[in-house]
Amino acid sequence: SISVTKGNTVKITFNVRSQGVYYGGLDFRGCGETTPTAKPGESTTMQFTASASCSITSYWPVSNYVKDTMQVIVS
């Protein structure tokens, strides 16, 4: 999890490993945003204004299979 102050701009860059990752890459969804698919070896960035605590979940894009979730705690 990460902690941020309410009203701040949050910018998170997700770096997808180049090996041992699903060939279709990953999507990251949450906090009112959805990233483009990041293929193995690529990066994608999510940016939003912190207004309330939320979660960001990574998915295999073709099957919508959940891979992991992180919490964004706003105070």
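These questions and answers look at a disulfide and at the strand pairing in a predicted model. Residues are numbered from 1 along each chain as its sequence is written, and side-chain values use heavy atoms, without hydrogens and water. Because the model is predicted, local features need pLDDT of at least 70 and side-chain atom pairs count only at pLDDT 80 or more, while totals for chains, interfaces and linings use all residues.

Reader: Which cysteine does the disulfide join to cysteine 31?

Author: A disulfide is a pair of cysteine sulfur atoms within 2.5 Å, and by this rule the count comes to 1 disulfide. With an S to S distance of 1.9 Å, the partner of cysteine 31 is cysteine 54.

Reader: How many residues apart in sequence are the parts that the pair ties together?

Author: Strands are DSSP runs of E, at least two residues long, numbered from the N terminus. Cysteine 31 lies in the loop between strand E3 (27–30) and strand E4 (33–34), whereas cysteine 54 belongs to strand E6 (residues 54–60), so the parts tied together are apart by 23 residues.

Reader: Are cysteine 31 and cysteine 54 buried or exposed?

Author: Buried means under 20% relative accessible area, exposed over 50% and partly exposed in between, with a 1.4 Å probe and protein chains only. By that definition, both cysteine 31 and cysteine 54 are buried.

How values were computed:
Helix = DSSP H or I, 4+ residues; strand = E, 2+ residues; numbered from the N terminus.
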